[in-house]
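Take a moment with the sequence and the model below. Then follow the text from one contact to the next.

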Amino acid sequence: MTTMIADALTSARQRLSRALQDAGRNSDDASLLAVSKTKPAELVREAWQNGQREFGENYVQEALDKQQQLSDLDDIIWHFIGPLQSNKTREVANHFHWVHSVNREKIARRLSDQREDSLGPLQVCLQVNISGESSKSGVSLDELPQLAELVTSLPRLELRGLMAIPAPCDDPQRQREPFAILRGALEQLRSTLPHAQLDTLSMGMSGDLEAAVFEGATMVRLGTAIFGARH
Ligand SMILES: *Cc1c(COP(=O)(O)O)cnc(C)c1O
């Protein structure tokens with residue numbers, strides 16, 4: 001088992017650095033988020049033993065259970081990347097370093113209100129609904145500027161960038177379209193919110209990493225490619 005995760009991580013890192021190179025970008029321009037949803041704590045520990053520090057989780061209770069089992073690994077950085085309901089915001093606000101899936105004002109306000117001061121600001125990406133039909137869970141491009149401005153005004157949130165989950169598509173050329181739109185949206189926000197630290201494009205998964213890196217991804221979220229298929 002140990003060698004399986006080690007090998008998969010090595011391949012994933014090679015895949016990311018090759019994609020960065022092909023895109024003419026520096027080798028440290030994008031980082032690897034290991035998406036461990038549905039996978040047991042032991043596999044997260046194995047990935048940690050092989051140098052991985054950033055992990056993404058989608059389900060609050062499952063994540064809290066794993067965090068408890070891994071509480072000795074105090075340098076793990078936990079990212080919440082799943083759909084976020086308002087009755088779960090307190091746990092997410094206080095048990096994660098990052099949230100990628102903020103998509104509406106109510107959620108943003110609750111996360112800021114409920115985050116304990118001593119933890120420092122929660123790092124936030126706004127999830128944007130780019131390819132319309134597939135994912136209803138992101139903010140629309142029309143409503144994005146208003147939500148972004150609100151988040152920058154909240155005391156315990158730090159707006160870092162944008163996240164998207166485009167509709168699955170097998171054509172590498174067409175995969176780039178929604179990522180290009182997300183990149184454009186981030187550039188626009190940078191001009192209207194010059195004081196925000198907008199350095200994060202969370203995009204690219206096991207099936208479309210290369211396309212996302214081509215369009216400027218700074219954090220790719222890999223599940224299957226690291227931990228194998230989910231059941
Ligand atoms: C599950 C998930 C991933 C990882 O997807 P893979 O295709 O397994 O790499 C990435 N991002 C989000 C938001 C997810 O829910």
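Start at Ser206. In this predicted model, an N or O atom in the Ser206 side chain is 2.5 Å from an oxygen atom of the ligand. Lys37 also reaches the ligand with its side chain. There, an N or O atom is 2.7 Å from a ligand oxygen. How much of the ligand does the protein bury? Taken alone, the ligand exposes 390 Å², and the protein buries 90% of that.

Now look at the place itself. The ligand sits in the largest pocket. Which residues surround it there?

Next, leave the ligand and turn to the salt bridges. The model has 10 of them. One joins Asp72 to Arg45, with the closest N and O atoms 2.9 Å apart. Where do the two partners lie? Arg45 is in helix H2, residues 41-49. Asp72 is in the loop between helix H3 (60-69) and strand S3 (77-80). The pair therefore ties together parts that are 27 residues apart in sequence.

Technical notes:
Residues are numbered from 1 along each chain as its sequence is written. This is a predicted model: local features need pLDDT of at least 70, side-chain atom pairs count only at pLDDT 80 or more; totals for chains, interfaces and linings use all residues. Side-chain values use heavy atoms; hydrogens and water are left out. A polar contact is a pair of N or O atoms within 3.5 Å; within protein, one must be able to donate a hydrogen and the other to accept it, and residues adjacent in sequence count only if both atoms are side-chain atoms. Accessible areas come from the Shrake-Rupley method with a 1.4 Å probe; for residues, only the protein chains shown count as cover. On a 1 Å grid over the protein atoms alone, a cavity is a set of points where a 1.4 Å probe fits but cannot get out, and a pocket is an open set with protein on both sides within 12 Å along at least five of seven lines; lining residues have an atom within 4 Å of a point. A molecule sits in a cavity or pocket if more than half of its atoms lie within 2 Å of its grid points. A salt bridge is a side-chain nitrogen of Lys or Arg within 4 Å of a carboxyl oxygen of Asp or Glu. Helices (H or I, at least four residues) and strands (E, at least two) are DSSP runs, numbered from the N terminus.
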